[in-house]
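The following note sets out points for the attention of a colleague examining this model. Please read each point with the structure in view.

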Protein chains: 2
Amino acid sequence: MKCTVGVDIGGTDIKLGKFYGDELVKEMRIKTNKADKGKYILDDVFKAIDELLEKDELEGIGLGIPGPVVDGHILGCENLGWGRFDITSIIKAKYPKVKIKVLNDANAATIGEWAYGGGKKYSSFVLVTLGTGVGGGVMVGNHLVEGVSGSAGEIGHLKVNIGNVRKCACGLFDCLEQYASATGVVITANELRIGRNTKINDYSDEEITSKLVFDLAKEGDEVALEVVDEMIHKLALGLSIVSSVINPEAFVIGGGVSKAGQFLIDKLEKKFYSYAFYTIENTDFKLAELGNKAGIYGASYAVRHQEV
Amino acid sequence: MKCTVGVDIGGTDIKLGKFYGDELVKEMRIKTNKADKGKYILDDVFKAIDELLEKDELEGIGLGIPGPVVDGHILGCENLGWGRFDITSIIKAKYPKVKIKVLNDANAATIGEWAYGGGKKYSSFVLVTLGTGVGGGVMVGNHLVEGVSGSAGEIGHLKVNIGNVRKCACGLFDCLEQYASATGVVITANELRIGRNTKINDYSDEEITSKLVFDLAKEGDEVALEVVDEMIHKLALGLSIVSSVINPEAFVIGGGVSKAGQFLIDKLEKKFYSYAFYTIENTDFKLAELGNKAGIYGASYAVRHQEV
């Protein structure tokens with residue numbers, strides 16, 4: 001049968017999915033070999049694709065990579081050891097008769113959630129992934145916004161504090177991801193639990209995770225609730241800023257931290273309106289639905305619908 | 001001859017322009033009569049249009065209003081005393097054979113600068129108007145972004161400080177417009193000049209304007225330079241945030257404060273990169289070119305090119 005393959009290259013592993021039309025029929029996962037500036041990665045991907053194909057006929061490859069991409073050109077990808085190059089032409093040389101689409105990984109996930117998941121009915125929405133870091137992607141008028149240097153949707157690097165309080169991995173300070181990521185929640189928890197009466201202190205440093213904090217907050221632990229409120233506070237501030245720029249129909253919240261579910265969504269929506277400009281209204285807040293398969297769904301969709 | 005009319009309704013006056021194609025051939029300005037919740041405004045506009053027409057044949061009316069607009073519906077306009085209503089249908093009833101396009105005024109100016117002015121060669125750019133307040137508009141992929149409740153491009157209400165330092169007219173605190181508008185520059189000047197050796201102190205309260213501060217800064221007055229640097233600092237922070245959301249090709253800077261010219265642009269561009277996420281590159285900074293005619297140019301263009 002005719003198929004497309006969606007590939008999501010991460011710093012640790014590479015996820016692949018074979019699709020018959022919109023249907024994911026087979027998945028594969030391989031390790032990311034970052035040796036020698038990532039020079040083996042694409043060959044590993046090609047091998048995995050060929051194995052995944054079996055007797056099917058390959059019509060398209062959609063690929064998400066963890067770095068900025070503009071019009072199918074990678075502008076650099078430190079995480080894999082890659083510099084700036086025309087990845088689309090390299091894949092095209094290997095698969096000359098096949099349609100190719102290369103995207104930033106967060107953008108691939110955004111298209112996935114828009115085509116199949118939490119962003120399904122929206123022509124304009126922003127995906128916000130709350131994981132180890134905070135990522136995102138932006139759709140406006142049913143089109144993905146990549147940005148002139150592939151940096152649209154870098155929601156994690158909005159500045160939500162002043163005074164160089166928390167240093168970010170990007171080299172600057174006070175980025176949203178230092179407050180609203182799983183890592184950020186733990187930093188805040190470690191600041192607020194000192195000398196306080198909280199169940200957080202019953203756990204070892206290694207056991208204190210964003211999930212634990214949210215679970216304790218749901219049980220009513222006061223300090224855990226303060227930690228969650230501080231996270232919500234910064235996230236709401238960041239998203240109100242996004243709304244002042246493009247005023248999307250919805251924010252779709254994904255990533256590990258979003259497993260806190262409706263508890264998080266309800267608090268976020270309420271706080272958002274306390275920061276939003278008064279003409280901002282009707283903004284929906286939804287949970288993402290595809291988990292870590294959003295990337296392969298979106299990459300596969302994008303190669304079949306190049307107009308996105 | 002066939003013509004279109006561009007109308008820019010402001011809180012103080014209403015500007016009208018008659019266009020043969022792209023050419024502005026006649027202008028008119030009338031006072032905004034805000035009596036009785038602005039009920040006379042549209043009739044005044046209709047009279048002015050009829051007078052402006054002379055023997056020309058009216059093909060389209062483009063109209064910018066100072067409030068949020070979505071798909072030709074006004075969602076409210078406190079400045080004129082207007083509530084939520086379908087303005088397009090009312091104009092259509094008066095001019096049944098004529099194309100109508102109603103836009104937010106900042107969005108009309110954005111289309112004007114994009115079609116004829118400082119944003120001309122860009123498919124994605126943000127207009128930032130530094131006047132009494134700070135306004136703006138967003139184009140992505142050669143389309144205007146209005147937002148679900150007409151609030152895209154509200155650049156003046158990005159939060160660029162923490163701690164409820166400066167209250168904004170919008171009811172919230174620490175909005176960009178409290179720092180980067182002409183008003184904001186004067187507030188900062190009055191904070192920084194106290195007890196300092198600066199030429200600013202040679203002027204009366206009424207004489208201290210944003211223009212004066214920029215002029216003194218260009219002459220090397222140290223305190224004036226500090227005031228300008230603080231303004232640039234907050235503006236650069238705000239625009240770096242905009243870039244993290246949509247990463248536009250350019251920022252086009254207009255409004256009265258932009259008369260400081262290349263002096264302002266050079267400082268802004270330099271500071272911008274100190275805040276911008278490291279993958280953001282190639283962002284242009286340009287001066288707006290149409291002054292207070294951007295609105296009538298844009299409104300007239302938009303009615304002739306409804307696809308914008």
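1. Two strands pair if DSSP finds at least two bridges between them. Helices (H or I, at least four residues) and strands (E, at least two) are DSSP runs, numbered from the N terminus. In strand 3 of chain A, A:Lys31 is the bridge partner of A:Asp13. Strand 2 (residues 13-20) of chain A and strand 3 of chain A are joined by eight bridges in the antiparallel sense.

2. This is a predicted model, in which local features need pLDDT of at least 70 and side-chain atom pairs count only at pLDDT 80 or more, whereas totals for chains, interfaces and linings use all residues. Residues are numbered from 1 along each chain as its sequence is written, and chains are lettered from A and ligands numbered from 1 in the order in which they are written.

3. The sheet of chain A is open and has five strands in the order 3-2-1-4-8, with mixed pairing. Strand 3 (23-31) and strand 8 (99-104) of chain A each have a single partner strand and stand at the edges, so one side of each lacks a neighbour in the sheet. From one strand to the next, the twist averages 15 degrees. Angles here run from 0 to 180 degrees between N-to-C directions, and axes are lines fitted to C-alpha atoms, for helices over the stretch in contact.

4. Two helices of chain A pack on this sheet, where two residues are in contact if their C-beta atoms, placed from the backbone, lie within 7 Å. Helix 3 (residues 87-94) of chain A touches strand 4 (57-65) and strand 8 of chain A, and its direction makes about 150 degrees with that of strand 8 of chain A. Helix 4 (residues 105-116) of chain A touches strand 1 (2-9), strand 4 and strand 8 of chain A, with a direction at about 110 degrees to that of strand 8 of chain A.

5. In chain B, strand 1 (residues 2-9) is largely enclosed by the rest of the structure, because seven of its eight residues are buried (20 or more other C-beta atoms within 10 Å of a residue's own, C-beta atoms being placed from the backbone). Strand 1 of chain B runs parallel to strand 4 (residues 57-65) of chain B, with seven bridges, and antiparallel to strand 2 (residues 13-20) of chain B, with six bridges. B:Thr4 stands opposite B:Gly60 in strand 4 of chain B and opposite B:Phe19 in strand 2 of chain B. Three residues separate strand 1 and strand 2 of chain B in a hairpin.

6. Where does B:Gly255 lie? B:Gly255 is in the loop between strand 11 (250-254) and helix 9 of chain B. B:Gly255 is buried, with 25 other C-beta atoms within 10 Å. The C-alpha atoms of B:Gly255 and B:Thr129 are separated by 4.5 Å, although these residues are 126 residues apart along the chain. Leaving aside neighbours within four places in sequence, B:Gly255 is in contact with B:Thr129, B:Leu130 and B:Gly131.

7. The axes of helix 8 (residues 222-246) and helix 9 (residues 262-275) of chain B come within 8 Å and cross at roughly 55 degrees. The residues of this contact include B:Ile232 and B:Leu235 of helix 8 of chain B and B:Leu268 and B:Phe272 of helix 9 of chain B.

8. At the interface, 42 residues of chain B are in contact with 42 residues of chain A. Helix 8 of chain B gives the largest share of the side of chain B that touches chain A, seven residues.

Conventions
A residue is buried if 20 or more other C-beta atoms lie within 10 Å of its own, exposed if 12 or fewer, and partly exposed in between; C-beta atoms are placed from the backbone.
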